[in-house]
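Let's take a friendly look at the aromatic rings of a protein and at how they pair up. Have the sequence and the 3D view ready as you read.

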Amino acid sequence: MSLPADLMELREEEIRAHYDAAAGHLDGFDHTPRIAKPKEAPKAERSPGVGRARRFRSTTPGLVTRSTARPEGVHLVERIEGSDGDDPLVSPLQATVLHALRRGIAIALAVGEGFAEQTELAALRRSNLEGRLGADKSTAFSELLTAEALIVLHVFANATSYLLADHASEVSIEVGAVEEVLTDNAPLALNGALWELDQELATFVTSEDKLVATVLAYVEQLMEKVALRAQTASHLGPFTSANYRVEADELTISGFTPSRAHRGSKITMTFKKPNEVVGNHIAKYQAMKLSKMLMAYDFDRKLNPFAELGGFIFTFMGDGKPGTGKTTLIQMMAGLVNDYCAVAGYPFRYQNFGIDNIDSYQGKSGQNAKAFINNVLDPNVIGFGTVDDIDQIAGKRGDRQSSAGQQEVTAVLMESFAGANTVVRGNCTFGMFSNYPENVDDALRQRAGARFLVDGPRTREDYIDILHLLMGKNHDIPLGKHDLYGAQEIKSAVARSFEAHNKPQETGLMNVFDRVHDKIGELDDIAKIGTYLKGIQEADERFTGRSIKNITDAVKVRAMDFELPDEWMENPELFLVKDYDTKKDMIEDLRVPITTDMVIQEVNRYADSEFRYADKSDEAAIEAMVRDFGRQEEAKKRYLEGKG
């Protein structure tokens, strides 16, 4: 792939020039903590002239990992080599961690050096060393040193996390918040970070299997803390406006955004073919379209033409009764994207956020949700994230029955799906699925840009098709008079399904539609459709501006009411490997005009779902209150009887 104009190559010789300095940081340095408090007991003073041989390891149980280094000394090499107890040899995993830390430090120093040369920091530093720094430049010098410190810290943590990603295991470590974040200058900032990392290793690494987990947990927390500091720092423009590429590691550094290892995860799930999904015509059709839309993503531009043209579904919600095919729909879409990515040679990452990600540890559920979002958002992969049974995972705000972990997940999903910092590149999509969408927080539910009603088989033909499909081939029962899978022919089935939304289907919305229609006639212009929308809002105050945005987004999707040809997916040369502008032109040529029928159908589809959710939610609340009143009455009756 050709490099984008804003991608700056970080040459290998520039990185290796800092290897000696990086090794020095790992070998040993002195640091007195300013903010954080030491977690381990003071270490014995080393006598002058004594070499740094491998430290003595006690054979007394419980003393194996106790450090004997001096109180202010940080010796990460010794710390890491001592993580395996009494083994005198360095293990492959220990060597890997040390190499990753050295390279992470070297990459950070190289980026910091480049930043200094791009700005006036290098010149100001020389003037300061020569005693020629004027008072008028002291503030700028201090601010630039802070900016460089933040950059070096984040790049170090980012590169280390990326380099060790493939060595992560199922072991999970909670290191807590990072405290020793110093921004006076880059060398001091690195010393503070490495001192605190040494403290975490001493605290948590009781066996080698916890080594990588502890390093990864620490650098993740460091990245998050530094990114927050960077929001209020100045002079960071030269760093945030460019992307740095380390070709040897296939690492791209994009400002303060974490760089995830872009290898796709190997999916172990049962895929379904589209003909194995019976019924659910609109949901199936949109899932198939969305699967192909994802493949239009351009890895050089880091953008999808569909996202720019307005026809991309970033979030959607599938709801339906139990057993109607939500899991089958997930398996179908994941299978399609997986197959398309295999043809194109793209990395594909699928991840599901389930109930096992809710943790009793305060803040852990939110961290799990954020990690899930970041893994799927990774601009270096095609991503598909699902939240199955979201009503059990994300709690309603103010619901006393929701755990703190569920509330954390709700907050993270809301911020990630439509927050101030949300950027839709078009490389991934998120699907939320539920049997009881009325139990999902209203604001979170409205962040689902598209609605898939998963209603399963509906017609006589659907039931014959699904019976034949599930019976398999181990029988000789005749089919009878039936056009097998004829009703599943996607274009005609979808056309029938969309036409069904020319009028509302929920009673509450039907009353609004009839009232507005009797008053102003056919809804054939924008003013009349806007009047209809206002009528819906008067009937349901939860129908807000976000609802209108979701409807217009769905209309734009309908304007893209075409499937990218199958041959484009089968032969990468026809579409997948073309440059961004060519892809965009090819897509624009297929776009169809927006009609009033499309708008009315999408208004009705969306509003029907909201009325359906609201009616169920209100009815459930009323039933709960009736039960509460009944219990109160019975309790009062028994109380009075007891008093005689």
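## A ring in the interior

Phe417 has a relative accessible area of 5%, so this residue is buried (buried means under 20% relative accessible area, exposed over 50% and partly exposed in between, with a 1.4 Å probe and protein chains only). Phe430 is buried too, at 1% relative accessibility.

Before going on, note that this is a predicted model, where local features need pLDDT of at least 70, side-chain atom pairs count only at pLDDT 80 or more, and totals for chains, interfaces and linings use all residues. Residues are numbered from 1 along each chain as its sequence is written, and side-chain values use heavy atoms, leaving out hydrogens and water.

## Rings that pair

Rings of Phe, Tyr and Trp (its six-membered ring) pair if their centres lie within 6.5 Å; planes under 30 degrees apart count as stacked, over 60 as edge-to-face and the rest as tilted. This rule gives 13 aromatic pairs. One of them joins Phe372 and Phe430, edge-to-face, with 5.8 Å between centres and 75° between planes. Phe372 belongs to helix α13 (residues 364-377) and Phe430 to strand β9 (residues 428-434), so their pair ties together parts 58 residues apart in sequence. Here helices (H or I, at least four residues) and strands (E, at least two) are DSSP runs, numbered from the N terminus.

How are the rings of Phe417 and Phe430 arranged? Their centres are 5.1 Å apart and their planes at 50°, so this pair is tilted. Phe417 sits in helix α15 (residues 404-418), 13 residues from Phe430.

## The cluster

Ring pairs connect Phe314, Phe353, Phe372, Phe417 and Phe430 into a cluster.
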